[in-house]
Structures are given as C-alpha cells and as structure tokens.
Amino acid sequence: MLSIHLICVGKLKEKFYRDACSEYIKRLSSYCRLTVTELPEAKLSKNPTLGEITNALAKEGEAIRAKIPPGSRVTALCIEGRLRSSEELHQMFPVPGVSREKHMVFLIGGSYGLHPSIKAEANTQLSMSPMTFPHHLARVMLLEQIYRAFKIDEGSSYHK
C-alpha cells in the first residue's frame, strides 16, 4: 500500500478545517497509509523583516527535511508551481507493482510559504491556483484532491 505523507508547517486551529481534514483522512484510510505531520511555524515579530522571514523559512525547511522519508517523491505546494488538473495529479501517483516509489510526500509551508531550497529540492512543484489561499485551507484541498485521485483510479463516479 502506498504511503502518503503530508508535511505541514503550522497547526490547524479552526475546528472546521480539522473536521474537513478528518473526513478526508478517514476516507483515504482504505486507499493508502496517510501520515500528516504538523511542524511548528517559526516565531516572528509583528512586522518581520525580509531577513527574519528568510531565516524562519530556513529553520522550517530544516525541520521539513528531517521528516521526509528516504527515497520519497516530494511535491512542494507553492504558488509558482505548475497548475495541474485532478487527472494530471492522479497521473503523478505511482503505479502499483510498476513504480519503485513507496512514499509520496506533499509539503505545505506556513503563512510565508516554503524556503526556496525546499522548493528546489522537490521533485515537483504544484500550484493549487494562482489565487492565494490560507495554508490551512490548502491542506483540506490537497487531501480532497488525493482522495479524488484514488477515486479516478478506480473509475468511481465521485470524479465527474
């Protein structure tokens, strides 16, 4: 069974985000081994300088690297990433019995995104939209799209 890891900077504080994520995590349990890791967002001053933000992103980046399993296919969510349809996301998933990849990792940064080095090291950069969304909502959207990818794979009517 494929292992999918979501490594997220920041905790879900709002109940409605937690509830939505819990629903998709439950749905995904029969399709994959899903791990969601929440890393603390670096503390910043009220009006951080560019240097403070860069240092915070670097610190978060090191924490992210420490959680990526060896041999993983890593996808960084970032606005400058490639836009993909649900079908194209589905095509990114390894084919059971054919692909050697056992782990897919999706990275979601905090409110300032991901450090450039993390994005550069990822196998793929994925954009959900050219619009800006809260990183907590991006987690819900990503979980839904992962679920949709499995439903596409089985030919379900969920994906219309």
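Reply: Buried means under 20% relative accessible area, exposed means over 50%, and partly exposed lies in between (1.4 Å probe, protein chains only). At 30% relative accessibility, V36 counts as partly exposed.

Me: What kind of model is this, and how are its residues numbered?

Reply: This is a predicted model, where local features need pLDDT of at least 70, side-chain atom pairs need 80 or more, and totals for chains, interfaces and linings use all residues. Residues are numbered from 1 along each chain as its sequence is written, and side-chain values use heavy atoms, leaving out hydrogens and water.

Me: Is P116 buried or exposed?

Reply: P116 is exposed, because its relative accessible area is 52%. Find P116 in helix α4. Helices (H or I, at least four residues) and strands (E, at least two) are DSSP runs, numbered from the N terminus. Now move to A122, in the loop between α4 (116-121) and β5. A122 is buried, at 11% relative accessibility.

Me: How far is A122 from A76 in space?

Reply: Their C-alpha atoms are 6.0 Å apart, although 46 residues separate A122 and A76 in sequence. Compare two other pairs. P116 and T75 are 41 residues apart along the chain, with 13 Å between their C-alpha atoms. V36 and I108 are 72 residues apart in sequence and 11 Å apart, C-alpha to C-alpha.

Me: Which way do β3 and β4 run when they pair?

Reply: Two strands pair if DSSP finds at least two bridges between them. Here β3 and β4 pair in the parallel sense, over 4 bridges. Look at A76: L107 in β4 stands opposite. β3 also runs parallel to β5, and 5 bridges join these two. In that pairing, L77 has L126 of β5 as its bridge partner.

Me: Where is empty space left, and how do I find it?

Reply: Roll a probe the size of a water molecule over the atoms, and it shows where empty space is left. On a 1 Å grid over the protein atoms alone, a pocket is an open set of points where a 1.4 Å probe fits, with protein on both sides within 12 Å along at least five of seven lines; lining residues have an atom within 4 Å of a point. The largest pocket here has a volume of about 470 Å³. That volume is the space filled by probe spheres set on the points, which are joined across faces, edges and corners.

Me: Which residues lie nearest the centre of the largest pocket?

Reply: They are L77, C78, I79, G113 and F133, among 22 lining residues. β3 (73-83), β5 (124-127) and α5 (135-153) each give two or more residues to this lining. β3 gives the most, with 4 residues.

Me: How many of the lining residues are nonpolar, polar and charged?

Reply: There are 12 nonpolar, 8 polar and 2 charged residues. Ala, Val, Leu, Ile, Met, Phe, Trp, Tyr, Cys and Pro count as nonpolar, Asp, Glu, Lys and Arg as charged, and the others, Gly among them, as polar.

Me: How many residues of α5 are buried?

Reply: In α5, 16 of the 19 residues are buried, so the helix is largely enclosed by the rest of the structure. R148 is in this helix. R148 is buried too, at a relative accessible area of 17%. Along the chain, R148 and L28 are 120 residues apart, yet their C-alpha atoms are separated by 9.6 Å. After α5 comes G155, with a positive phi near 75 degrees.

Me: How many aromatic pairs are there?

Reply: Rings of Phe, Tyr and Trp (its six-membered ring) pair if their centres lie within 6.5 Å; planes under 30 degrees apart count as stacked, over 60 as edge-to-face and the rest as tilted. The count comes to 5 aromatic pairs. Take Y31 and F150: the ring centres are 5.3 Å apart and the planes are at 25 degrees, so this pair is stacked. Y31 sits in the loop between α1 (15-28) and β2 (33-39), and F150 in helix α5, 119 residues apart.

Me: What does F150 form with F93?

Reply: F93 and F150 form an edge-to-face pair, 5.5 Å centre to centre, with 80 degrees between the planes. F93 lies in the loop between α3 (86-92) and β4 (103-108) and F150 in helix α5, so the pair ties together parts that are 57 residues apart in sequence. Both F93 and F150 are buried. For F150, the relative accessible area is 12%.

Me: Which residues form one aromatic cluster?

Reply: Y24, Y31, F93, Y147 and F150 form it.
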